[in-house]
Amino acid sequence: MALSLYVDTARWRAHQKSVIDQFPGIVPVCKGNGYGFGHGRLAEETTRFGSDMLAVGTIYEAASIKDWFSGDLLVLTPFRRGEEPVPLPDRVVRSVSSIDGVYALVGARVVIECMSSMKRHGVREDELGQLHAAIEDVRLEGFALHLPLDRTDGSDAVEEVIAWMDRLRAARLPLHTMFVSHLKADELARLQQQFPQTRFRARIGTKLWLGDHDATEYRGAVLDVTRVVKGDRFGYRQQRTAADGWLVVVAGGTSHGVGLEAPKAVHSMTSRAKGVARAGLATVNRNLSPFVWAGKQRWFAEPPHMQVSILFVPSDAEEPKIGDELVAILRHTTTQFDRLVDR
């Protein structure tokens, strides 16, 4: 009995192909928990469709994934002098976002990150003049720009990349390859047309692996069902049930990521109102679970345990049976499954 990730493999791979066709030279990204699929599976998929490079988040991920993927590995987290040394093969390419970092990586293969409007990290325009000397002792694989997802100021992503291309060209730096993130296919095509001597490579994770929501589905198996009447005590904290129904023990707890949620950017009054409503319900121990039964998301009876969750299903719904599977609405990047099932 497990929390399972079901994958419609043919559909999932068809979506992958549609993205690959739109982004020639794509660099697939496999970081964190492998977008919910695991590092091994995404390395296998990347090998299958023939990419020569796979991007990972950290040097520790590179050390793990190197045994599953034989091509180049691009580490997205920038190098910092004094970081813990991790044995890595020569096919690992390091991202660098400072002049000091370039100087510290003598002989290494590097991609130099430029400071974009994200303002997260990167070499600044006023530092470009110092790069000439710095890159003499490294193997420069190209420059990179990590762009924002939303542009609330109405600015244009392509224009931001063009501005950086012009700065790099004015500084007489090599422009053979530019790695970019968060560009649309038509934007990438515009850039390639304007700069035919530069190879633009899109680093893509979410769109590639999770772009077709209906290709995957989490399900938690029902482990136990107990009939309760209003007022019965249950659980770790011995709370009372609010009505007649069933306590349903389902596979999937905090170790799987159930009950965990990444903060979200709130833009509208409706979103704010929903957030206030959820917070108010939580103060009286009313928390909606991700598990669906009989067409409705069911309430947690109490906070999820480490490997299971206890749900309350009211008596006016059909009684779940041991072995049934409940669809779970979970975020891939924060979920760890027990098993993956190809369909």
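What follows is a chat about this predicted model.

Me: Ground rules first: how are residues numbered, and what counts in a predicted model?
Reply: Residues are numbered from 1 along each chain as its sequence is written, and side-chain values use heavy atoms, with hydrogens and water left out. Since you asked what counts: local features need pLDDT of at least 70, side-chain atom pairs count only at pLDDT 80 or more, and totals for chains, interfaces and linings use all residues.

Me: OK, what's the mean pLDDT of the chain?
Reply: It's 93, and 93% of the residues reach 70 or more. pLDDT is the predictor's confidence in each residue, from 0 to 100.

Me: And where does pLDDT stay under 50?
Reply: Over residues 269-284. The model has six contacts beyond four places in sequence for that stretch, a contact being heavy atoms within 4.5 Å. Where pLDDT is low, the predicted coordinates should not be read in detail.

Me: How many bridges join strand 3 to strand 4?
Reply: Four, with strand 4 covering residues 72-75. Met-53, for one, has Asp-72 in strand 4 as its bridge partner.

Me: Now salt bridges. How many in the whole structure?
Reply: A search finds 26, counting a side-chain nitrogen of Lys or Arg within 4 Å of a carboxyl oxygen of Asp or Glu.

Me: What does Arg-11 pair with?
Reply: Asp-212 is one partner, with the closest N and O atoms 2.7 Å apart. Arg-11 sits in helix 1 (residues 9-22) and Asp-212 in the loop between helix 8 (206-210) and strand 10 (216-228), so the pair ties together parts 201 residues apart in sequence. Asp-214 also forms a salt bridge with Arg-11, at 3.8 Å between the closest N and O atoms. That pair spans 203 residues.

Me: Those two Asp residues, buried or exposed?
Reply: Asp-212 is buried at 18% relative accessibility, while Asp-214 is exposed at 57%. Arg-11 is partly exposed at 36%. Buried means under 20% relative accessible area, exposed over 50%, partly exposed in between (1.4 Å probe, protein chains only).

Me: Which residues are linked in a salt-bridge network?
Reply: Arg-13, Arg-41, Glu-44, Glu-45, Arg-48 and Asp-342.

Me: Last one: where's Ser-309, and what is its side chain up to?
Reply: Ser-309 is in strand 16 (residues 308-314) and is buried, with a relative accessible area of 0%. A polar atom of its side chain lies 2.7 Å from the backbone oxygen of Gly-252. Leaving aside neighbours within four places in sequence, Ser-309 has contacts including Val-248, Val-258, Phe-291 and Pro-304.

Definitions and conventions. Helix = DSSP H or I, 4+ residues; strand = E, 2+ residues; numbered from the N terminus. Polar contact = N/O pair within 3.5 Å; in protein donor to acceptor, adjacent residues only side chain to side chain. Pairing = 2+ DSSP bridges.
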